[in-house]
Amino acid sequence: MTENRALLKQALIEATVKTTDAICTDGGRVKYSDRHRKRLRSLGISTGISTRAKILIAAIAAALLLTGCAIFHEQIAGLFLTFGNGFVNIEGSTPDAPKEIEHAYVATYIPEGFTEAEREEEWYIVECIWKNSSEDFIVLTQSLVDASGFGADTKYSYSMTIETGEFTLFCIIGSDFNIYYWSDNMYVFTLRTSSHLDENEIKNIVNNLK
Amino acid sequence: MLIFLLSISDEEDRDKIKLIFKRFHNDMLRVARYKLRELPDCNSSAEDAVENAFLKITKYIKSIKGEGDSLRAYVITVTVNECINILNGERSPLSIEEHFSDDSFNEDSLIDSLDLRDNYENAVQAIMLLNDRYRIPLYMRYVEELTVEEISERTATPVKTVYTRLTRGLQLVREYLERRNGTK
């Protein structure tokens, strides 16, 4: 590349950045419509849900529609639940929740014998995994309300709610693992555990997030 | 469209798209609203432009290099290009001069005629003053290093018009530098 070409490239980048800076003088968050949020989410841009889960949910929903099965909704403490034949979809339902994780919660209580194996922090999700020597696991996830959308198979499990004193947890109780969902109206949390973890242990974990 | 996006199986690419969304979504919206401010439905048109820009970015995610300022400039350029596409639906996309194609595009001699080493700051100013219709093809050609045919495809503009805009853009930069240096 000639020197002039290299300088032209640099000048084009600098000019674009300066022009953008001149327009974007206000560094705050830009408000946008629900339509835009939904469309971005449908493009998979702002959602934390995995591609595989999305395909699964879409396939289940399509199958249900084709077979004429009933779908019904229920709202539990900041969560919007969609029940179908053998599946449930769980989403946060707080309209003015943060668009970026502003406070990443830390579990200050974890049952004895478990140690942190992995922690991932992104702008839309915080996930922490603990394991013990018996290969039992605890996975705690904090997601943006906008990025929440979890599909769970209920064919081989059942659902129930648990009161922790602070929150109402929606629980999927399976044979190998349990999943607990709740919202503090700012974020949506999920706790996935090996199935034999005691209910009081779960309440302690949930009530001791700081 | 959704199927297309779901087909992005590369974890690294998805992370790159998320990073772009996190860092630049607000700037993209601000720039799009500014560029489309004269439209009666400015806000929703700006959101359309940003959504289309994300689609384009996703489509070409593998070819996106750069980070920092270079990545920001790229993302904003794609957004502005989408704003132009929306504006083109509102008004005539071509100015009179663009109906005349320029077959004598001599890129190297045009670039060599710019004395950028001694006039770098003025060149930045000149580019900032350029109409987006000229600046975007220049950016795509000399930063993204796309061929004229590729620019034509990405901007939905005929190849001859791309040549004209590249030539005219470089000429305008040269004229600005000459005026600043008092040689014209």
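This is a predicted model: local features need pLDDT of at least 70, side-chain atom pairs count only at pLDDT 80 or more; totals for chains, interfaces and linings use all residues.
**Exercise 1.** Determine how helix α1 of chain A and helix α7 of chain B pack, and state which residues make the contact.

*Solution.* Step 1. Two packed helices are described by the angle between their axes and the distance between the axes. Helices (H or I, at least four residues) and strands (E, at least two) are DSSP runs, numbered from the N terminus. Axes are lines fitted to C-alpha atoms, for helices over the stretch in contact, and angles run from 0 to 180 degrees between N-to-C directions.

Step 1. Angles under 35 degrees count as roughly parallel, over 145 as roughly antiparallel, 65 to 115 as roughly perpendicular and the rest as oblique. The pair α1(A) and α7(B) is therefore oblique.

Step 2. The crossing of α1(A) and α7(B) is left-handed (the near helix is turned anticlockwise from the far one by less than a right angle; clockwise would be right-handed).

Step 3. On α1(A), the contact (heavy atoms within 4.5 Å) involves Arg5(A), Leu8(A), Lys9(A), Leu12(A), Ile13(A) and Thr16(A), and on α7(B) it involves Arg135(B), Leu138(B), Tyr139(B) and Tyr142(B). By class, 6 of these residues are nonpolar, 1 is polar and 3 are charged (Ala, Val, Leu, Ile, Met, Phe, Trp, Tyr, Cys and Pro count as nonpolar, Asp, Glu, Lys and Arg as charged, and the others, Gly among them, as polar).

Residues are numbered from 1 along each chain as its sequence is written, and chains are lettered from A and ligands numbered from 1 in the order in which they are written. Local features need pLDDT of at least 70 and side-chain atom pairs count only at pLDDT 80 or more, while totals for chains, interfaces and linings use all residues; side-chain values use heavy atoms, with hydrogens and water left out.

**Exercise 2.** Describe the packing of α4(B) against α7(B).

*Solution.* Step 1. The axes of α4(B) and α7(B) are 10 Å apart, at an angle of about 135°. That angle makes α4(B) oblique to α7(B).

Step 1. The crossing of α4(B) and α7(B) is left-handed.

Step 2. Among the residues in contact are Tyr74(B) and Ile84(B) of α4(B), and Arg135(B) and Tyr139(B) of α7(B). The contact of α4(B) with α7(B) comprises 7 nonpolar, 4 polar and 3 charged residues.

**Exercise 3.** Characterise the interface of chain B and chain A, including its salt bridges.

*Solution.* Step 1. In this interface, 50 residues of chain B touch 44 residues of chain A. The two chains bury about 4500 Å² between them, 64% of it on carbon and sulfur atoms (the accessible area, with a 1.4 Å probe, that two parts lose on being put together, summed over both). Arg30(B), Glu51(B) and Tyr120(B) supply 15% of the area that chain B buries against chain A, more than any other three residues.

Step 1. The structure holds 17 salt bridges over all chains (a side-chain nitrogen of Lys or Arg within 4 Å of a carboxyl oxygen of Asp or Glu). Across the interface of chain B and chain A there are 6.

Step 2. One salt bridge pairs Asp21(A) with Arg72(B), whose closest N and O atoms are 2.7 Å apart. Asp21(A) belongs to helix α1 of chain A and Arg72(B) to helix α4 (residues 68-88) of chain B, so this pair joins two chains.
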